[in-house]
Every structure is written in C-alpha cells, then in structure tokens.
Amino acid sequence: MTVSMPSSVDETLRLLSDDPAATILAGGTDAMVEINYEHRRPASVVSLRRVNELATWSIDGGTVRLGATVPYVEIMNSELAAASPGLAQASRTVGSSQIRNTGTVGGNLATGSPAGDTIPVLAALDAIVEIASVRGIREVAVVDLIVGVKRTVLEPDELIVAIRFPVASGPQEFLKIGPRNAMVISVASCALVINQAERSVACALGSVSPAPLRCGDAEEFAAANIDWTSDGIRITDPRTLETFGSMVADAASPIDDHRSTAAYRKHGIAVMARRALTRATTS
Amino acid sequence: MTDTSAGSTTTINPPATGVGNSVDRPDASAKVLGSFEFSNDLNHERMLWGATIRSPHPSARIVSINVAPALAIPGVAAVVTHHDVPGSPVYGLISHDQPVFASDVVRYQGEPVAAVAADHPDTCRRAMVAVEVVYEVTEPVVDLLTAATAKPVHPDGNVVRRVPIRFGDVDAVGDIVVEGTYEMGMQDQAFMGPESGMAVPAAGDGSIDLYVATQWLHEDRDQVADCLGLARDDVRIHLAGTGGAFGAREDVSFHVHACLLAQHTNRPVKMQYRRDESFLGHVHRHPAHMTYRHHATNDGRLVKVECDIVLDGGAYASSSFAVCGNAARFAAGPYKVPNAVVNASVVRTNNPPCGAMRGFGAVQVCFGHEAQMDKLAAALDMDPLEIRLLNALETGDRLITGQILDGVAPVRECIEAAAAFPLPPISGNDVFDQPGGAGRTADPLAVRRGVGFAVGFKNAAFAEGFVDDTHARCRLENGQVTLWCAAAEVGQGFVTIVRQIAVSTLGTDRVELMRASTADIGSAGSTSASRQTYMSGAAVLKACEEVAEQVRLAIAATHDVAPELVTIEGGRARTIDGRVDVIVADAIADVRFEAELRHMHRETYPLDEETGQGDCDVTWIFAAHRAVVDVDVELGLVKVVEVTTGQDVGVALNPLHVIGQIEGGISQGVGLAVMEEIITDVGLVRNPSFTDYLLPTMVDMPDVRITLIEQPEEGGPFGAKGVGETPSLSSTPAVAAAVRAATGLELTRVPIKPQDIALG
Amino acid sequence: MTSTDTGHTYRLNVNGSDRVVDGSWLGESLLYVLRERLGLPGTKNACEQGECGACSVLIDGVLVCSCLELAAAAVGTDIVTVEGIGNAGPTDGNGLTDVQRAFVTEGAVQCGFCTPGLIVAVHDLLDDNPEPSRSETHEALAGHLCRCTGYGRIEAAVEHVIEIRRD
C-alpha cells in the first residue's frame, strides 16, 4: 500500500493518471470508515491534505466558486454563509463538529450518497462541478454527476476541484428530518432556493431517491403563484403552500429501510416543502 | 500533623471524605488525563491479536469449516473451532446452553464459529475472510408470539420459562376495566468501551490469566474454567478498566476464545470487538409484547391486574429466566393490587440473544402498567397523579407475589417530589430547543407540549433463592487501609464509596482498594441488580467495622482500660476518660489488623411454580418521573424538554455521584422512549452501528431535576439502597405519556418513531 | 491471500515530539497508530466511524476524529492528544488543566471512556469561544456520546470552567 501527499492539483492529477485505482482521501469522513471496516482495501491512497488550492473559495461577481475540500465549518462561519444560506444550513446539519471540521462538499459529491446533506442544496442551486484530469477540465451539473446510489459519472482518474453556484438572490431554506436532534443521517431533506431576480423557484430533495431530485412541476407551480414584488415575495393563497408541498412529495420516490418508511418520508417531504416555502415567503 | 504513635492523645478529626460527602472519584484524575488503563489499552510485547469469525445467518446448518486457507496466511498463528474446546462445549449464566463455538448449527446472526490469532488486526481480518464455512441456511424463527409452538430453535425447547402469578381472587371484577396491548423494542446497552481484554498463558503450569472488562469476575471464571477444562483456580480473572456495562458484560463474550488462542499459541492474546461486532457480540434488552387488563372501582382503587407478557429471549437463555421472573413480579407496578393474574413467558427465537440490561424485566412492564394507569385515569376522569397516589404501595402492603413489602417504600414521596418542580417555561427559538433540532424543521404552530407521569419499582439484589454473596477483606497497618473486594467497577462508583466507608469507619483516607481479581478473594457477585453498594458496600463496611473492633480491643489492652470503656464512632476511638482520642487507623502502630468476611442478604425463596407466590425479594427501589416534551405533531419529531424525578435512594453515600447515576439512567430511558432500537429483519440486525443505533446526544438530553428521597434502609450500608436501575424504570413511560398528551395518540410501542406520530 | 504489509516507517509530530512510526501498515488510522504504536492509549476507540467522539484529537489546532484520519497522511501536521492537552497551558499540582480538574470535581466522569475525547473538545471549544451559550456548548459537544452521565455533570463542568476563566 502507498500513500501519496501531492501539494498541487497538477501533481494530484498526474498521480491519478498513473494510478487510477487510487483512493482519493479528502476529509476522510467517508473513505476512512470504509477502510476501518474493510469495505475498501486500497492499494494506494492520494491524500489531498496538502493541496491548498482545493481548500480555497472565492466570490466573483454573482458566482461562488467553492474549492472541493473547503470544510463544512468554513461554509457555516465565513462570508459563504451569507452568499449561500441554504448550503450553510445544510452544512450545519452534517454530523458532529469533528465531521464538519474535516468533511468537504467535494467529498459529499464524490461519495454521492442519497443522504448527502449538501447535495439537495447544490442541486437546487444548479451548481456546476468542475472535474479535472490530466485530460483537461470538464463541467457537469450536480444533478448529472450523481446517477444512482453512490454512483457518479466520475472517471477513476478524475478529481472534483471546485463547485460553482450563484450567490443567493432571494430566500434559501434547507430542512432535514432525523430521529435525533443533532448528528443524524437524514431520513428526508428538502432544499428550496428562490431566485428573486429571475423569479424562479428551485426545490430539491434528499434521501428520497437514488440520485439528486429536482421537483420541476412544483417549482413551476410555485413560481407562477408567488406574488413577486420588489420588496419581497408573498403567497397570498395559503392553499398554494399546501399544493406545493403535495407536488414536491409527488416527485419523491422513497423506500422503506431501517431508518424510516417510504410513507413517512413522503409525508415529511410534503410538510418540509410547505414549511420551506412558507418561511421563504413570509420572512 | 498526624501522630501515629501508639497511645497518642492528639485529637484529629477524620477527613471530610466519609459517607454523605460528594467525594471525587479516585480514578477520575487518571481518566481525565487519559492514563487510566481500559481493557483495550492492554499491551504486551509478545502479544497477538484475536478475532472472532461469526455466522452471517440467523439460522443455518454448518456443513463444513475449513480453516486451512486462513492458517496459510503469513502472520496467522492459530485458528480454533469447536474441535479445540477441551472442556464444556457450552456455557451460560443460568443454564449452560450456548456453544463456545457453533458446531452443527448456528442460531443467531453473529454466533461465533471460529477464532483467529494473528500478528496484526488487519491480518486477523484477512484470516476471517479466508476461513471457509459452508452453511445450509434454514428458516429462522423470529416471531415472539408464535415462537413457543414453532420448530425448536434449540434442544432445550423454545420456552425458556413461564411464570404464572395467581394472587387473591382471580375472578374479581372491577367497576371499570381498561385494556391495552403494549410493545417494547430491543434496546442495546451500548456502553462506550467495546468488549476487550487480554489472555495471558502462565509459563509452564497450564494456568491462565484473563484481564477483562466484566461485571462478575467469579462467574466468568467458573464458566471459562469449565470450558477450558481447567480447575477453577487455574483460571485467574482480573478486572481490566471497564468502559460501562449496563448488563451487557454479565455474560461471557470473547473470554473463552481469547484463552483458547492464548493456549494454542502460548502467547498473550488481545481481543477487542469493533462496534459492529459489539452489537452482535452481547445480549440486549428483551423485546416485549404485553397485554394488560386493569380493573378498578369507580373511585379509582385498583381491583385486579391481569397481564400476559411475552419476552423474546433470542437464541440462548442467558439471564432470561431471571428477567422473566422480574417482569412477572413487577407487572402490576408499585401499587396496592389486591388481585392479580399474570402470565409471563420468555421464548427462544433466532433473534439476537437477550439478557441483562439496567432495569432487568421491570423496564418492559413499567411501560405497560404505567400506560394502563393513565388509561384508567382517563376512563375515570381522574388526574394521573391522583390515581397513582391513591394506589401507591406502602410499607406493610402485600405484593402480588404475596410477599409483604417490609422495606422502605416512599412511593408517595417520590411521586410528590417529581410533581413538585414547577413546569418549565415555553421553549425559546433556538433550533436546539425545538423538535427536529439542527434539521431546522420545526414550525412553532405545529409544536405541542405534553406532560407525562410514571412511577416504577423493582427489587435490588438477587431474588428467588439465587445465591447472593459477596466477600470483602480489610487490612489496617500503620495507618494504611487496604481493601479487597472483587466487585467490578464499571463506572458506577463503587471504588469511590468503599473508600468513603473506610473513612467513616477507620477515620483515614489512606485507603487503597486492590484491583478486583479472582486470585485474591471470593466472589462479590455481579455488578448488576443495583446490588453492589447494598451488598459489597455492606461487606466492606462490616470488614472495616471488624478491624475497628480489633483496634478497640488493642487500645484497651495497650492503655490498660476495660474494653467497654473504649468507644469507636465516626472513625475516632476514645477512652471514656479522654486519655485517648485518636483516629482509629492511627491508634496502634506496627500491628496488622485484618478481617475478611462473606456477606449475604436475608434468605429469599423461589416463586411457587403454579401460583407465583413466595418471599422472593430482599429489598425494593422506587422512583417517579415527570416528563415534559415538545412534539412537532405534523412531523412526529420530539424534543424532550425536561424530566423531573423523585428517587428512593435509602441514603445517598455520595450525593453528586448518585445524581450522576440518575441522570445517566434517565438518558437511557429517554433514548428507549424516542430513538433507541436494534432493528432486526428476519433475524438480521439492520443497524449495528452508532450511525443507525441512535443514542441521545447532549442536544437530545432534557434538563433533569432531581429530589433524592432519603429514608434509611435496614440492611444497606449506612442505610443506602441501590440507585443504578431505578432511573431507567419510569423515565421511558413518562416520556411516552408526555408524547401521548401532546398528540392525543395511543402510542402503544416504544421507541416512538416519527411515523408513529405523524401518520398515527 | 497475502498478508498485511507492515513494513512502513514514517514520522509524526505528536504533542510536540517527533515520533517514529515503525512497522506500520499504511491503512492504519491515526487512532490505531496513537494507541498501538506510539504508546498513547488515552485516545479512545469506541466506534471507528466518526460517530462517538471518543477518539478526538487536534490536528493543526482543528478538532477531528482520529479514527477518520489516515495516520500516514497526517505526516507534517501538529497532533495534540489528551496526553498533551496540558502542555500548552497551566496545570495544577497533579498535572490537570482547568478543564480536567472541573471534570473531576463536577462528577463528569463515570466509566471515563468518553472522557479523553471530551477533554480535548472542551479545551477546543473554550479556547475558541470563552463564553459559549448553553446551546453553543450542546452543538459543539453533540458529537461526543456518553452512555453513563446523561451529560448533566459534563455540562456542569463546562460551566464551571467558563466561570473560573471569567474571573
């Protein structure tokens, strides 16, 4: 077994090109569990600890560019929180302080779990993932990156280097159900992103489908029923909120498992979506 | 300042670290520094690692086991199977029905089939995969209600025990009758320090030392020696630092496996379970199905309690026999019940084996009888508190076993104390004050507050005629007290209170408690049943008092006064003329005083097999809990806001640590109420991890307010009773009652899941 | 089946000392290396999947679960464990920091298996935020499972340290 500690993206990409089977280690919060429990027995590991350029972020005009290994804690506690309140809220629900200190959005995406907390927010933000390899850089939408339960379109020699998404221009909400009040895997989650400038609504769900899920019909319905004014957004008919919740739940395709039931997940999604839109349109 | 010369007349007060003081734990400094040696911190330069190969199936025939591929891996030193067990092939706490290694069939997922020793944990893991076990999978028996008549899971049959209780007029009928069926899921003890320890073969003589985190050293020794085919003295069990227990360390786990590997390799072998293995490798709290019918008069007095209880014991008996006895005896709750018909049974299935956990059978029935008391109160339009006070047990009452409750029984005081705390204010807007917490799901308009009440009781110490003894030795020499007792310190604080007892009797805090070991002294019995303070505390007290008596006689002889003119009190020895007034421990130099004794509580008797009648208990412990919850009724998420309690403790020897026991017990009760459950699917455990077996975190833990009810109990040291299990009895039903009050739902099963509320 | 490749040597900086890790399999977590190779068993292993907090250490001043750190990829960092948490500040005659002393006197220790991780975490919390609100304390320490205490005395210990540091 080997462990490499490159100090630049270029060096990392060369290592991955030479050894595409290598396990990429970012925060370690997923990969190390697999190694400790021998679900993964890597012949080689490429640690990103020293690749400082991956751990930086910038806000340029209306776009956030988030390096793949920026830890959750920084998203919660920096200017990023104002630029992306939904992502900050989702980050706050991830694991414990220790996990938020080390876990990364790049890792959340690369693992591609249906329960990945930041994925619904990124899906609702239409976030673009920058993927690099020695062959160059390609860009993939988050909803196209993850294609099934822990399955992505990443090639073995590819590395997520950054995620780009627009600076918030309107209310953002993230709600997550877990049977414990902290440090819990999501039973169901719901992200809502409203773009006031574009008068658009985006809603995405977690833990209720194999891959990231947008709720197109519900989004269009909400956008059409919001009273868009320059000093805020309102929904005048409360039935709109209820209908929105139902439409979002209709988009979900949850399963029964040891964490919850499909019926409850669907119900919870309807309630969370309704509450999210209520908050977004009354604050 | 200390004058230790004989005949000193210096007046010195004993240190203020005797009983009744909140003395620091003697091991706390080491624990905060990280230098306390836990069982998995053991190390030896020649050490090998051991690991257990377990059945992936809940029910299967073993066709073949081929260990050769594992042995071929460099670094693998030994692989042992059932062929290598020289003594008894089976072990167990009460009946010896559990194989050291499965030979012909496996009866639960995780049943040990082989064990391996190797140079590195990772080599062990490779070897575990390399051992070829061919199984022929068979249909598991998993339903507790039909298990009794299903195909036998074990040659001993599928009914481990039935306990009928027939008390009073079994045909009595009340003015009002309420019925209910209740269920409890499988809770795990989930101690923090996984099973671990080290077996060290002695050079030459075939004997062996096992350092292990356990609750009962001598019982372990007897079982291990029998399986190894060794004389009991040739197995020495030493207590290693124990990271919690809560019942799960009462059964033997890896003990025999580690010893066999050590014998086969002639090297020390260390074993430690990973968390997933720990979930499979120890017994759990019995899941229960309970059907109740309560009869009462129109003014709310209980007339009769009828109850059918079925407990799922899983594949092996463990302590199921005794758990079932407890469930039956405490099925009616701490109430005056003139007539009772109880049928309790514990069945065998291919589910995970169940055994001891804090509260031991009384927890399950407390959930049932307390739900029934609320139902009765509602049917009679009475206050839940009022109906409990009206029926509260008192000293002198007859229990449903026919036994007279002759100990201290402050049921009324417990109830009144728990109810006396002012209700907490409406919660603030902080996310962690809301149901749903960090997930930020709560909508204040959907949050309802509920208040619930429950009372519970059980016995302390062993019952039903089980031998219950403990041994202690006290030595005093030149002011230094040395104590021996094999009571297992698992975190509860025995090591603290024995020192306090020595201070209060001998006047010095120069006290050393030796490491518990079967090599040095007789059994102390198990650290369970809330019994170590009551039993081993009493034994240590007696030993110290015997030494004090020897000192008294020595003072009399030395100072040439009549023995009756020398008094010992509060750690000081005085002659009546005031010539001598000294700390007992410092009274006589250069003489070794020593006392060793065996202590037993009063005799108990088995329950009659037909009627369940008998004087089977020694002493009883009581508590009442009030829970306040906020429930998001739409999403079914719960925030337990506060739990108040009045708890009967006899006398608190160390109030701060009694509070710690109570808060910890309540946290386990809260967990059982709203989140903790081992989920099985056709015998397979679906959540053997802290990712999916959820324990309350600091965010989930309610505020706890406690009133200690102190009424000295005869037979306990300084009047102390056990305190460990009581907080786990009625905290769960109190939370459940509060959630019912908030939601208006019946909620007949714990843990209550969000879907039970949201879709209920 | 091949055997585990345990021929690797590297160096870690732990509690201010340069330590050689010898004969290591590179898949070993920092938790394992601290406990089994460097003689620092104070860091506890209760879950090995980042769910309990017992193995908490500081890496370059950041609180992490050592079970989720590949030891060989921690080369070049500054690692502080419970054994070294008192190195940087004042301790009493028994070598206890204010946090450690408060855990002792407030009854925050029972079995003690979660304690070392909490000691490291409480130092980290209070060094960053000397007066956390109750809610901030709860959120910061929610990753530490304790099965014995119900957290009441742990919280009391934290409050005690906040108070004495205020004075």
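The reply below takes the cavities, then the sheet.

Modeller: This is a predicted model, in which local features need pLDDT of at least 70 and side-chain atom pairs count only at pLDDT 80 or more, while totals for chains, interfaces and linings use all residues. Residues are numbered from 1 along each chain as its sequence is written, chains are lettered from A and ligands numbered from 1 in the order in which they are written, and side-chain values use heavy atoms, without hydrogens and water.

A cavity is a set of points, on a 1 Å grid over the protein atoms alone, where a 1.4 Å probe fits but cannot get out; its lining residues have an atom within 4 Å of a point. Points are joined across faces, edges and corners, and the volume is the space filled by probe spheres set on them. There are 8 cavities of 30 Å³ or more.

The largest cavity has a volume of about 150 Å³. Its lining has 17 residues, and Tyr91(B), Gln98(B), Tyr108(B), Val252(B) and Gly281(B) are the closest to its centre. By type the lining holds 9 nonpolar, 5 polar and 3 charged residues (Ala, Val, Leu, Ile, Met, Phe, Trp, Tyr, Cys and Pro are nonpolar, Asp, Glu, Lys and Arg charged, the others, Gly among them, polar).

The second largest cavity holds about 130 Å³. Of its 15 lining residues, those closest to the centre are Pro179(A), together with Leu637(B), Val638(B), Val674(B) and Met675(B). At least two lining residues come from each of β27 (637-650) and α13 (655-674) of chain B, and β27(B) gives the most, with 3 residues. This lining divides into 9 nonpolar, 4 polar and 2 charged residues.

Helices (H or I, at least four residues) and strands (E, at least two) are DSSP runs numbered from the N terminus. In chain C, 5 strands form an open, mixed sheet in the order β2-β1-β5-β3-β4, where strands pair if DSSP finds at least two bridges between them. β2 (17-24) and β4 (62-65) of chain C are the edge strands, each pairing on one side only. Neighbouring strands are turned by 40° on average, direction ignored. β1 (residues 8-14) and β5 (residues 78-80) of chain C pair in the parallel sense over 2 bridges, and Asn13(C) stands opposite Asp78(C) in β5(C).

Terms used:
1 Å grid on protein atoms, 1.4 Å probe; cavity = no way out; pocket = protein on both sides within 12 Å on 5 of 7 lines; lining within 4 Å. Axes fitted to C-alpha atoms, helices over the stretch in contact; angles between N-to-C directions.
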